[in-house]
Amino acid sequence: MKQSLRLGTVSGIPVGLNWGLLVIALIYLTSLATGFLPSAAPGSTTGAYWIVATLGVGLFFASILAHELGHSIVAQREGIQVRAITLWLLGGIAEIEKEAPSPGAELRIAAAGPAVSIALAGVFAGVGYALAAAFGSSLFATMLVWLGLVNGVLALFNLIPAAPLDGGRILAAFLWWRTGNPHLARARAALAGQAFGGIVLAVGTLMLLDGSGFWLLILGWFLMGGATAERRRAQLFEAAAHSSVAEVMAPLAAPTDGAVTVAGLLAMGAGTNNAAYPVRGIDGTVVGLVPASVLRSRDARRNAGVPASQLVVPWTSFVGARTDERLAAVVDRFREADASHALVYDPSGRQVGYVGLSQLATLTR
């Protein structure tokens with residue numbers, strides 16, 4: 001997820017927020033300052049309610065950050081890099097670079113976030129009740145008890161066994177341990193997530209009829225989208241584990257000059273032979289290639305006069321692969337390098353083809 005504002009770095013992980021966080025922050029702030037706090041702790045001034053509500057919302061989002069840091073720090077200890085943590089409309093996202101290497105690691109990473117939230121729930125609620133017992137009920141103590149409640153709810157909700165929730169990843173770890181197949185385990189956990197997301201969407205739709213349920217619709221949409229993406233990725237990894245690079249790679253055509261237009265490439269049969277076209281630069285060296293998917297796109301004929309040099313994917317965007325490799329290794333390489341194309345070499349070191357995400361997508365059809 002794109003960060004709209006970078007906040008800093010924690011444990012080497014860039015932390016930021018997305019603009020959507022401001023929307024939910026305003027809703028929480030208004031609800032606390034004008035609803036929950038005046039009702040639970042009457043007698044304070046309007047200004048006091050807004051000040052304490054602002055502090056409470058700030059601590060709430062700090063709690064979400066702590067939850068994601070729980071996942072991230074454990075992932076780092078398992079040897080997995082974390083690209084970023086982003087706070088957004090529905091909470092937080094830790095962008096973990098690759099899948100866990102074992103069921104135990106999957107379990108530890110998934111459980112770390114809810115464990116942090118449960119600990120925070122106990123601390124906030126415990127301090128709040130202790131302050132109320134020692135000094136009488138107060139606005140600040142009420143806010144701390146609220147923080148304990150929402151952290152507890154956050155932990156319990158995340159423990160629902162449905163991906164992409166943490167409970168879904170715990171379920172995947174258990175299924176992986178039982179079956180020995182991580183991809184099948186993750187696909188089943190994602191299927192549970194699709195079912196749960198559908199239920200949330202249905203309930204939100206029914207509640208929308210009487211004017212409520214909007215946020216359930218948003219949540220259900222997020223859960224369905226996340227679970228669907230995770231299921232497709234798991235299915236892709238499962239298919240890639242049984243396929244070789246040679247089986248799915250597209251061939252390379254003869255190099256062409258960068259001044260040749262899209263119309264010229266199409267006239268040579270580009271886009272119909274599933275081949276990629278290497279493109280020569282001004283000095284005559286091949287600088288990259290135009291993938292077949294680009295030439296098969298709807299915009300290809302519309303951009304008939306565009307030179308091939310403007311459509312070329314440079315070599316810096318490629319990872320390497322061998323014809324005798326399993327495709328699963330290339331999928332891992334894509335994720336680690338944040339790349340979308342692989343240049344394929346035969347055992348003699350000759351460039352013979354390429355693999356792009358478009359080829360990988362056909363594996364799960």
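(The expected span is 1.5 Å times one less than the number of residues.) Helices here are DSSP runs of H or I with at least four residues, strands are runs of E with at least two, and both are numbered from the N terminus.

Before you go on, know that this is a predicted model, where local features need pLDDT of at least 70, side-chain atom pairs count only at pLDDT 80 or more, and totals for chains, interfaces and linings use all residues. Residues are numbered from 1 along each chain as its sequence is written, and side-chain values use heavy atoms, leaving out hydrogens and water.

**Stop 1: along α1.** Click on Leu 32, where α1 bends by about 45° (the angle between axes fitted to the seven residues ending there and the seven starting there). Leu 32 is also among the buried residues of α1, along with Gly 20, Leu 21 and Ile 24. Buried means under 20% relative accessible area, with a 1.4 Å probe and protein chains only. What covers the buried residues of α1? Show β2 (13-17), α2 (46-77), β3 (82-88), α4 (139-158) and α7 (214-240), which are included in that cover.

**Stop 2: β3 and its partners.** Keep β3 selected: six of its seven residues are buried. On one pairing, β2 and β3 run parallel over three bridges, with Val 15 opposite Ile 85. Strands count as paired if DSSP finds at least two bridges between them. Look for Val 82, whose bridge partner in β4 is Ile 96. The hairpin from β3 to β4 passes through two residues.

**Stop 3: an open sheet.** Next, pick out the four strands in the order β5-β12-β11-β10, an open sheet with mixed pairing. Its edge strands, β5 (250-251) and β10 (318-322), each pair on one side only. Then select β11 (residues 341-345) and β12 (residues 351-356), antiparallel and joined by five bridges. Here Val 344 stands opposite Gly 353 in β12.

**Stop 4: zoom out.** Show the whole chain, and you have 13 helices and twelve strands. Its C-alpha trace spans about 80 × 50 × 45 Å along the principal axes. How many of the 365 residues count as buried? The share is 44%.

Terms used: Buried means under 20% relative accessible area, exposed over 50%, partly exposed in between (1.4 Å probe, protein chains only). Contact means heavy atoms within 4.5 Å.
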